Amino acid sequence: MTTAMVEKYKAFYRLLNKTSRTLVDRRFRQQGQCARGGSAASGLDHRPDAVVEQRVSYLGCPKRGLWTSARASLPSFVDGGFARDYPMNRCRSFGSVAGEIQRSSKFATLNSDDVAHFKEILGERNVVQDERLEAANSDWMHKYVGSSRLLLLPKSTDEVSRILKYCNSRCLAVVPQGGNTGLVGGSVPVFDEVIINMALMKQVISFDKISGILVCEAGCILEDLISFLDNQGFVMPLDLGAKGSCQIGGNVATNAGGLRLIRYGSLHGNVLGLEVVLANGDVLDMLGTLRKDNTGYDLKHLFIGSEGSLGIITKVSILTPPKLSSVNIAFLACQDYLSCQKLLLEAKRSLGEILSAFEFMDSVAMDVVLNNLDGVRNPLAPTAHNFYVLIETTGTEESYDKEKLEKFLVGSMESGLISDGVLAQDINQASAFWRLREGVPESLQRAGAVYKYDLSLPVEKMYDLVVEMRARLGKQKVVTMIWFEMAILLYI
Amino acid sequence: FDQEKKIKNRESFSFWIPSQSNVCCPFKLTLSSLIVARVEHLSPPAKMKIMVAVKRVIDYAVKIRVKPDKSGVETQNVKMSMNPFCEIALEEALRIKEAGLASEVVAVTIGPKQSIDTLRTGLAMGADRGIHVEATGDLFPLAVAKLFKALVEIEKPGLIILGKQAIDNDCNQTGQMVAGLLGWPQGTFASKVVLDKEKQEVMVDREVDGGLETVCLNLPAVITTDLRLNQPRYATLPNIMKAKSKPVKKYTPEELNVGTKSDLEVVEITEPPKRKAGVLVSSVDELIDKLRNEAHVI
């Protein structure tokens with residue numbers, strides 16, 4: 001074992017011991033209730049209408065004792081399929097409204113000395129206790145409201161480190177916040193944690209034109225990065241509906257997938273390095289820019305998807321693919337769910353390397369969008385279609401790609417997989433199609449209160465969930481579903 | 001559209017012979033309604049042809065870059081598509097045809113070999129035939145108008161619809177020049193077009209500086225479309241499939257006896273100056289001082 005590896009191993013061990021004290025309430029672990037990031041499960045405290053929202057993951061379970069995978073109660077047909085596959089890691093735990101979550105007395109309360117100390121570290125302007133605090137306390141869906149009394153805006157890693165060191169010494173609870181565009185209440189405080197917002201750390205540090213490796217601070221807004229890279233001829237490997245406000249640090253912390261997951265893969269593959277500040281103020285510099293680096297343990301993967309429970313990400317080094325000129329979009333209609341699945345398989349086969357996005361929405365979602373957003377229209381004829389699919393291809397040769405896409409579409413139409421479809425002829429029409437798909441969360445929010453679930457299920461069983469929920473909830477509630485590649489978002 | 005027509009005719013049929021509606025089987029009714037439709041169509045002769053000009057330009061949403069040698073704009077590896085005003089023109093032509101006032105819509109494009117893509121888009125939207133005049137090099141509006149005149153003498157359309165301007169040169173001249181060369185009336189910046197078949201005239205609402213002006217033109221006429229005329233339709237897959245088999249006729253300027261050499265020459269193309277950052281002033285006196293001495297506006 002080289003000294004570098006020993007150092008990394010020591011750091012890892014220290015990480016495991018230190019983080020639990022300030023960021024995750026130990027009581028949760030003792031009771032067997034668990035959450036990815038303390039606020040996720042506990043954010044359902046005193047709100048009687050809140051329902052458990054937990055990331056349900058069937059893909060294996062990390063070390064026992066650190067965290068265990070939680071499974072909400074799903075209908076039996078889903079449960080049965082997986083019990084046999086992961087017998088060792090099954091552990092049932094339910095988070096429910098019945099259990100009232102109290103603010104732990106282990107965490108101290110903010111007092112004026114603390115505020116003065118923060119003002120000393122950050123300066124007067126970046127310690128916020130006015131109306132901006134209200135916006136930071138409430139999430140994008142306006143479902144979860146915390147009662148934090150202090151919002152901090154650090155401008156450098158050093159400031160973040162000093163803040164966390166102080167909070168650790170005083171045992172003050174802390175919640176890291178990025179763009180506050182998360183839909184599951186993970187970015188807002190549960191009780192009165194100090195909010196550390198990374199919005200001011202928005203510098204692009206460097207960009208290598210040859211390899212396409214971008215190093216930037218965690219507070220850079222995704223859309224700004226996309227337009228910066230656009231000038232250089234590159235593109236970000238992820239793209240979300242929330243790109244106007246979401247920050248890259250938050251995307252990495254939540255392992256955001258986005259619309260281009262099918263083409264560029266998840267952030268675990270695209271992030272090359274991170275700089276993270278741990279809960280006790282230690283700065284962990286893992287900001288490598290090498291595509292392959294096998295020295296020691298690859299700790300950055302712990303932080304990708306950790307949702308701010310292990311440390312605050314301050315710098316990100318990300319691999320960006322080159323921007324390809326020929327983008328084509330088709331908006332299609334299918335009659336039933338089986339055709340959609342077959343269409344996905346067929347698309348991967350026929351379109352192969354040029355396929356860059358495959359999105360699905362059902363007719364209820366389309367109705368909600370058409371009714372609640374302005375300036376959108378259904379590209380297909382008004383006859384009722386049951387399911388809509390959006391396919392995007394990105395390649396280098398305009399004519400070749402269009403020919404390939406047309407051949408695939410014509411073939412699918414003749415074999416009956418799709419009942420109708422439209423091909424975008426210019427960029428405006430393409431943005432109109434994307435507006436329909438990306439506007440679903442926004443229009444649902446305008447339509448009324450939303451319960452949103454992020455689920456992973458076997459592909460064949462996905463839509464059965466919607467049918468079952470519609471049967472259970474009755475006609476009053478709108479139940480709809482959209483999916484991108486393998487993950488689905490179920491809206492109720 | 002076909003579906004709508006059938007239903008409409010079925011309704012009119014049942015109005016004619018109400019006693020038979022219970023007796024006839026559905027299959028017979030459909031056949032009869034088809035016959036009724038054909039009879040209806042014979043009465044007003046809709047032989048008018050509409051010619052629509054479409055141009056292949058850099059896509060509206062692309063960020064334009066000037067070539068380093070200032071000779072033009074970067075067009076390599078840049079997305080090209082149909083001029084948005086031409087889309088609106090084609091949509092209007094298709095709506096007139098669907099209203100039964102025209103029999104055929106011919107899409108015309110003048111440009112290099114790749115312009116055929118734009119023509120295919122036009123055919124996919126619903127045009128019946130395409131004409132491609134293959135001409136390389138910079139084409140100025142006068143040359144285009146002369147080529148159009150030559151094509152009009154061959155095709156003899158009753159109405160020509162163009163977009164008001166092309167977004168790559170913003171000339172706003174071609175429509176007016178075509179009308180001038182042919183001696184036809186013109187209705188430019190159209191925001192509403194109403195065709196009257198019997199009186200052989202068209203009412204056009206024009207968007208002018210002072211508001212809206214309505215002109216009445218005798219057919220044949222030239223119309224150029226403005227943004228608010230309609231919202232163009234999408235190219236649906238069935239239409240894209242049909243477009244592959246629609247005929248496209250090719251011409252060259254030599255065949256049409258038109259010289260495309262222009263009296264104009266583009267000397268240099270530069271970007272507009274970048275917007276300067278704003279300046280924060282600390283007092284009203286400083287503001288007045290700057291306005292007077294630096295900006296020279298007061």
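1. The model is predicted. Every value below is computed from it.

2. Helix geometry. In chain A, helix α5 spans residues 112-122 and packs against helix α7, residues 157-170. The angle is about 160 degrees, and the axes lie 10 Å apart. Angles over 145 degrees count as roughly antiparallel, so α5(A) is roughly antiparallel to α7(A). The crossing of α5(A) past α7(A) is right-handed.

3. Helix contacts. From α5(A) come A:Asp113, A:Asp114, A:His117, A:Phe118, A:Ile121 and A:Leu122. They meet A:Glu159, A:Arg162, A:Ile163, A:Tyr166, A:Cys167 and A:Arg170 of α7(A). By class, this contact holds six nonpolar residues, five charged and one polar.

4. Interface extent. How many residues of chain B are in contact with chain A? There are 23, and they touch 26 residues of chain A. The two chains bury about 2,100 Å² between them. Carbon and sulfur atoms give 56% of that area.

5. Which three residues supply more than any others of the area that chain B buries against chain A? They are B:Lys79, B:Tyr234 and B:Leu237, with 37%.

6. Salt bridges. The rule finds two across the interface of chain B and chain A. A salt bridge also joins the side chains of A:Glu398 and B:Lys79, at 3.5 Å from N to O.

Technical notes. Residues are numbered from 1 along each chain as its sequence is written. Chains are lettered from A and ligands numbered from 1 in the order in which they are written. This is a predicted model: local features need pLDDT of at least 70, side-chain atom pairs count only at pLDDT 80 or more; totals for chains, interfaces and linings use all residues. Side-chain values use heavy atoms; hydrogens and water are left out. Axes are lines fitted to C-alpha atoms, for helices over the stretch in contact, and angles run from 0 to 180 degrees between N-to-C directions. Helices (H or I, at least four residues) and strands (E, at least two) are DSSP runs, numbered from the N terminus. Angles under 35 degrees count as roughly parallel, over 145 as roughly antiparallel, 65 to 115 as roughly perpendicular and the rest as oblique. A crossing is left-handed if the near helix is turned anticlockwise from the far one by less than a right angle, and right-handed if clockwise. Contact means heavy atoms within 4.5 Å. Ala, Val, Leu, Ile, Met, Phe, Trp, Tyr, Cys and Pro count as nonpolar, Asp, Glu, Lys and Arg as charged, and the others, Gly among them, as polar. Buried area is the accessible area (1.4 Å probe) that two parts lose on being put together, summed over both. A salt bridge is a side-chain nitrogen of Lys or Arg within 4 Å of a carboxyl oxygen of Asp or Glu.
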